[in-house]
Amino acid sequence: MHTETLVADIRILLLPLPEFAMLPFGGFLDKLRFTADEADYSRQRHCTWHILGLEPGHVESSSGVAVQTQVTPAEISYQDFDYLVVFGGRSAKVTQALAPHYKNILRRAAGHGVKLVCIDNACFLLAACGLLTGHKVALHWRHETEFRAAFPRIEVMSDQMYCFDGNRISCAGGTAAIDLAVEMLTRACGRTRALKGLADMLVDEARSSGHQLRSLDNEVNTGRHVGRAIALMRTLLGSSKTADELASMVGISRRQLDRLFLASHAMTAKNYWNEIRLQHVQWRLLNSDHSLATIADEAGISDVSYLGKIFRKRFGTSPAEFRKNTALHLSTPEVSRQLTSP
């Protein structure tokens with residue numbers, strides 16, 4: 001690792017949790033690398049970073065690729081760093097359960113004025129440690145409903161890729177970690193240096209926190225009203241609001257909204273909303289061990305037996321059979337190991 005004696009503009013600790021996603025980690029780190037030096041020499045001059053782990057060794061990502069830790073908590077002085085960036089694991093529930101192991105690290109860093117950054121579902125860990133109380137959070141859209149259910153008093157900033165709220169910063173993950181890195185570097189090093197290397201990374205531009213992802217919809221050219229309705233459907237997934245109320249929020253009549261959905265998706269707005277709910281239920285069955293009643297509540301379906309009926313009609317199997325045959329249970333030896341010794 002190349003270092004210089006000059007004091008960097010920004011000093012960062014990177015903390016990948018077990019089964020962290022490689023995409024946001026690699027994107028964030030490579031953006032630091034391009035900004036750190038005048039040329040493409042990868043010297044840590046204008047910004048520096050260290051990979052933190054509970055102990056020496058490696059942390060395995062969700063893809064199976066391992067990253068070597070460079071420092072442990074016993075080897076660092078938190079006052080020497082500006083940010084601690086935590087990269088969440090594959091499962092939100094497993095990440096949240098790691099709180100007893102990481103609480104002291106996170107609280108000590110916060111106590112020394114280090115800004116805490118949570119990427120993807122790392123917000124579950126910070127919230128479980130009591131470090132997001134009174135703060136707003138941005139997270140991946142797949143985890144919004146689960147997070148709201150687990151931490152109802154923490155405000156979720158829907159449709160935001162990242163959020164700066166005092167000494168707490170959060171990011172939805174994926175390639176949004178690059179955009180977050182650009183904003184963090186802008187505040188520390190200036191916009192010109194922060195944008196350095198984006199072309200080399202084949203990134204067109206740095207996106208704002210409020211950038212709307214067109215890829216969230218299967219159809220790019222669905223129009224403003226349909227796009228807004230779909231965004232609201234995801235945000236209000238667990239609510240009891242009706243399609244009529246949804247149309248009112250969009251600013252058009254229910255009949256007009258259905259006409260637009262029939263034209264773009266060959267189904268009514270209500271049926272599309274139900275499809276989003278069922279897809280959420282399927283994903284949660286696959287990625288958690290929560291009860292069907294809990295998942296049904298998240299999806300805004302009060303009757304569990306009715307959920308079982310429509311799930312079987314849509315996917316050709318019952319929720320229990322689906323989970324038994326295809327889900328990766330959180331009680332597997334590998335995940336149990338993470339819960340006890342990350």
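A residue counts as buried here when its relative accessible area is under 20%. Keep that cut-off in mind as we walk through this predicted model, starting with its cysteines.

Cys118 has a relative accessibility of 1%, so it counts as buried. Cys129 is buried too, with a relative accessible area of 1%. For Cys118, the nearest cysteine sulfur belongs to Cys123 and sits 5.3 Å away, while a disulfide needs the two sulfurs within 2.5 Å. Cys129 has its closest cysteine sulfur in Cys118, at 11 Å, so that pair is too far apart for a bond.

The largest core has 36 residues, and the members touching the most others are Ile12, Leu14, Phe28, Val85 and Leu180. Helix H6 gives the largest share, 9 residues. Zoom in on Ile12 and, setting aside neighbours within four places in sequence, you'll find contacts that include Phe28, Leu32, Trp49, Val85 and Met184. There's also a second, separate core of 35 residues, and Cys129 shows up again there, along with Leu15, Val86 and Leu132.

Last stop: the loop between helix H11 (269-287) and helix H12 (292-298), where Ser288 is found. A polar atom of the Ser288 side chain lies 3.3 Å from the backbone nitrogen of His290.

Note on methods. Residues are numbered from 1 along each chain as its sequence is written. This is a predicted model: local features need pLDDT of at least 70, side-chain atom pairs count only at pLDDT 80 or more; totals for chains, interfaces and linings use all residues. Side-chain values use heavy atoms; hydrogens and water are left out. Helices (H or I, at least four residues) and strands (E, at least two) are DSSP runs, numbered from the N terminus. A polar contact is a pair of N or O atoms within 3.5 Å; within protein, one must be able to donate a hydrogen and the other to accept it, and residues adjacent in sequence count only if both atoms are side-chain atoms. Buried means under 20% relative accessible area, exposed over 50%, partly exposed in between (1.4 Å probe, protein chains only). A nonpolar core is a set of buried Ala, Val, Leu, Ile, Met, Phe, Trp, Tyr and Cys residues joined through side-chain atoms within 4.5 Å. Contact means heavy atoms within 4.5 Å.
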